[in-house]
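Hello,

Here is the structure I said I would pass on. My notes on it follow below.

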Amino acid sequence: MTTPGTGFLRVLAVDDEPPALDELAYHLRADPRVARLHTAGDATEALRVLRDDDVDVVFLDIRMPGLDGMELARVLRRFARPPAIVFVTAYDDGAVDAFDLGATDYVRKPVRAERLAESLRRVIGARVVPSHPAALARAEEDPTIPIELAGTTRMLPRSAVRWVEAQGDYARLHTAEGSHLVRVSLATLAERWADAGFVRIHRSYLVQLRLIAELRLVNSGYVVVIDGSELPVSRRHTRELKDKLVRAAKQDWSR
């Protein structure tokens with residue numbers, strides 16, 4: 001189904017549940033920035049729309065029969081001119097994977113008009129500014145991770161994270177301003193953020209190597225100091241951490 005509007009954005013909404021799709025479409029049609037709205041009940045129908053029409057952004061449910069939202073997003077990334085992706089879901093366990101796929105936003109159901117309005121603002125900003133190669137490079141170097149604040153999903157740049165603390169199946173991201181709990185394991189972040197300078201110092205801690213101010217021997221073993229906080233270093237990680245600190249120091253001196 002296609003609905004014309006008066007704005008400038010071409011939007012596709014995809015959800016296999018008709019009531020959810022109707023609600024999403026209602027809010028999107030009401031936004032003055034939406035010029036044309038397509039709707040689809042599954043990935044096959046969505047791909048048919050995308051074959052016949054140019055679309056700026058796809059608002060996409062994740063859990064659908066057949067090709068699910070994550071799989072469809074991977075297909076869309078291979079397009080010559082891929083649309084922006086905004087995931088709209090009742091679940092929060094796909095947020096990290098969503099942003100690994102380059103999603104512009106991640107909206108929790110039930111959707112609210114003001115939250116969708118914020119998503120459209122982000123889509124417009126992302127499609128206007130990062131088209132420059134230098135801006136794209138910065139976005140790839142400093143990806144964001146979604147955090148929940150008072151019912152709103154905010155994007156936290158990875159560069160703002162000082163260290164990460166394991167809390168069961170969750171991880172607490174510590175920044176200069178505070179901390180945020182996200183549903184992702186420490187092991188997953190350690191693997192994904194290794195190239196960005198994050199190192200494992202303990203089964204419960206992942207730290208940004210360049211922010212370590214001290215490696216100190218105390219009665220119970222070694223600790224590192226970051227922003228005045230002491231974090232324990234396990235014996236199995238001590239030697240590797242010392243080697244990395246020495247290599248990092250040599251690189252700084254050789255510049």
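Strands S12 and S13 make a hairpin, with 2 residues between them. Strands here are DSSP runs of E with at least two residues, helices are runs of H or I with at least four residues, and both are numbered from the N terminus. This is a predicted model, in which local features need pLDDT of at least 70, side-chain atom pairs count only at pLDDT 80 or more, and totals for chains, interfaces and linings use all residues. Residues are numbered from 1 along each chain as its sequence is written, and side-chain values use heavy atoms, with hydrogens and water left out.

S12 covers residues 198-202 and runs antiparallel to S13, joined to it by 4 bridges. Two strands count as paired if DSSP finds at least two bridges between them. In this pair, Val-199 is opposite Val-207 of S13.

S13 also pairs with S9 (residues 161-167), again in the antiparallel sense, over 3 bridges. Here Val-164 sits opposite Leu-206 of S13.

Which way do the side chains of S13 (residues 205-208) point? Tyr-205 and Val-207 point one way, Leu-206 and Gln-208 the other, and all are buried. Buried means under 20% relative accessible area, exposed over 50%, and partly exposed in between, with a 1.4 Å probe and protein chains only. In a regular strand, side chains alternate between the two faces of the sheet.

As for the whole protein chain, it has 8 helices and 16 strands. Of its 255 residues, 42% count as buried.

Regards
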